[in-house]
Amino acid sequence: MNEIIAIIGGGPAGLFCALQAIEAGKNVVLFEKKPVAGRKLLIAGSGQCNITHDGDIADFLSHYGDHGAFLRPALMNFTNRDLIAFFADRGLRMETEPGGKVFPATRKSADVLAVLLAECAARGVEIRCNDPVLAVERDGDGFIVRTATAAVRTGVLVLATGGASYPATGSTGDGYAFARALGQPTTEVAPALAPVYVEDYPFADLAGISFQNLTLAVYRDGKRVGRHAGDLLLTHTGLSGPGILDLSRSIRPRDELRVTFLPGASAEEVRKHLADAIAAGGARQVKTVLCDLALPERFVRRLLDLAGIPAGETCAQLRKNSRNALAASLAEYPFRVERLGGFNEAMATRGGVALEGINKKTMASKIVENLYCIGETLDIDGDTGGYNLQAAFSTAALAAGHIAGVYASR
């Protein structure tokens, strides 16, 4: 086997795999297309780097759509506690927010990147920046990695190129083309953790209003295809917030997104709650009763307007058809999806290297010997809250451990 381990991509997965794999005592060369590594990491968490999430690692599995089972071996092998300890041992302490998000105590993504780069340097990883890989090809039991300046023969190849979101950082989906060139199957890619643009959107002037713990459901051709509970933010053009971002993996253009605007309630519970409140309201204004439900006043005024209800109308005056229209708006407000935010807005990518072609216990290809795929190159996208970065580190650690074991057994 050739003594060089080549890694394409200098994000968190690539860097972490490099510094772990070099413990095999071999040469690790990491190719990064940008002038410096880790540019996408620098903008993670708005520059503060929500690196992982608190809690039992088993609870993470439900935060990757249908692909949590695939990640189980990687997450169990290198947990959130292991990740926190790795950085703490190198002087970067982590802090946990009340909601469970974990950040570096300094609140600087640059400090996370600095630790990774320092470890790579200390262990002798060769990082070739500003040297984009143009092509990869099979060469016997190894590979040839071609750049504008060199053709490098390597015994092991790791694709850690990330997804296609935030392309200005260098994350442009190159790894998918490299995988296909080697015969590794990929799935269709699209933005994930993306805002939703809405047709005939009625709340543009209410941008900035947010709601907590709402029930969100996606319908396609009249059938529900997705459901989630989370926070929602009204924007100038549609919907965002953690709940929408997490659900976006299930949303397609022309879908109907139904929002229940009372926290933690089902549509049926909202209808009953509103009917009871109106029945007991008497001479009180409908607007006042709705505001008592902890709904923002500006939002209430808009709902009344959309339902054709005068702002000063009392509960006693409210007609049944108007009450039903109001209940429908609160219980299951229908938004017609125009499109999702593009890769320039999306935090992650849906799709990638097909999981069926990867050994989940090693991150090695089942099809191409000595090829590994890690991080967001894989068809994996997690919820907001640090789940994607944890997956990147965990898959990198699992691949590196297997690579080291293969070399050690020679």
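Modeller: Let's settle one term before you start: a polar contact is a pair of N or O atoms within 3.5 Å; within protein, one must be able to donate a hydrogen and the other to accept it, and residues adjacent in sequence count only if both atoms are side-chain atoms. This is a predicted model, where local features need pLDDT of at least 70 and side-chain atom pairs count only at pLDDT 80 or more, while totals for chains, interfaces and linings use all residues. Residues are numbered from 1 along each chain as its sequence is written, and side-chain values use heavy atoms, with hydrogens and water left out.

Colleague: Thanks! Which backbone nitrogen lies 2.7 Å from a polar atom of the serine 365 side chain?

Modeller: That nitrogen belongs to valine 368.

Colleague: And where does serine 365 lie?

Modeller: Serine 365 is in the loop between strand S18 (348-350) and strand S19 (371-373). Helices (H or I, at least four residues) and strands (E, at least two) are DSSP runs, numbered from the N terminus.

Colleague: Is serine 365 buried or exposed?

Modeller: Serine 365 counts as buried because its relative accessibility is 11%. Buried means under 20% relative accessible area, exposed over 50%, and partly exposed in between (1.4 Å probe, protein chains only).

Colleague: What does serine 365 touch?

Modeller: Leaving out residues up to four places away in sequence, serine 365 touches Gln184, Gly357, Ile358 and Leu371. A contact here means heavy atoms within 4.5 Å.

Colleague: Let's zoom out. How many helices and strands are in the protein chain?

Modeller: The chain has 12 helices and 19 strands. Its C-alpha trace spans about 85 × 45 × 35 Å along the principal axes, and 54% of its 410 residues count as buried. Of the contacts with a separation of 6 or more, 72% come from residues 24 or more positions apart.

Colleague: What is the strand order in the 5-strand sheet?

Modeller: The order is S6-S2-S1-S10-S19, an open sheet with parallel pairing. Strand S6 (126-128) and S19 are at the edges with a single partner strand each, so one side of each has no neighbour in the sheet. On average, neighbouring strands here are turned by 20° against each other, direction ignored. Two strands pair if DSSP finds at least two bridges between them.

Colleague: How many bridges join S1 to S2?

Modeller: 5 bridges, with the two strands running parallel. Isoleucine 7 has leucine 30 in S2 as its bridge partner. S1 also pairs with S10 in the parallel sense, over 4 bridges, and there alanine 6 is partnered by leucine 157 in S10. S1 is mostly covered, with 4 of its 5 residues buried.

Colleague: And which residue in S6 is the bridge partner of phenylalanine 31?

Modeller: Arginine 128. S2 (residues 27-31) and S6 pair in the parallel sense over 3 bridges. Helix H1 (residues 12-21) packs on this sheet, touching strand S1 (4-8), S2, S6 and strand S10 (156-159), and its direction makes about 170° with that of S2. Axes are lines fitted to C-alpha atoms, for helices over the stretch in contact, and angles run from 0 to 180 degrees between N-to-C directions.

Colleague: What about the 3-strand sheet: is its pairing parallel or antiparallel?

Modeller: Antiparallel, as an open sheet in the order S7-S8-S9. Its edge strands, S7 (133-139) and S9 (151-154), each pair on one side only. S7 and strand S8 (residues 142-147) are joined by 6 bridges, and alanine 135 stands opposite arginine 146 in S8.

Colleague: New topic, H8. Which of its residues are buried?

Modeller: Ala267, Val270, Leu274, Ala277, Ile278 and Gly281. They cover an arc of only 95° around the axis, which puts them on the same side of H8; the arc is that of the directions from the helix axis to the C-beta atoms.

Colleague: What covers those buried residues?

Modeller: The cover includes strand S16 (256-260), helix H9 (286-291) and helix H11 (320-332). The face of H8 turned away from the buried side carries the exposed residues Glu268, Lys272, Ala279 and Ala280.
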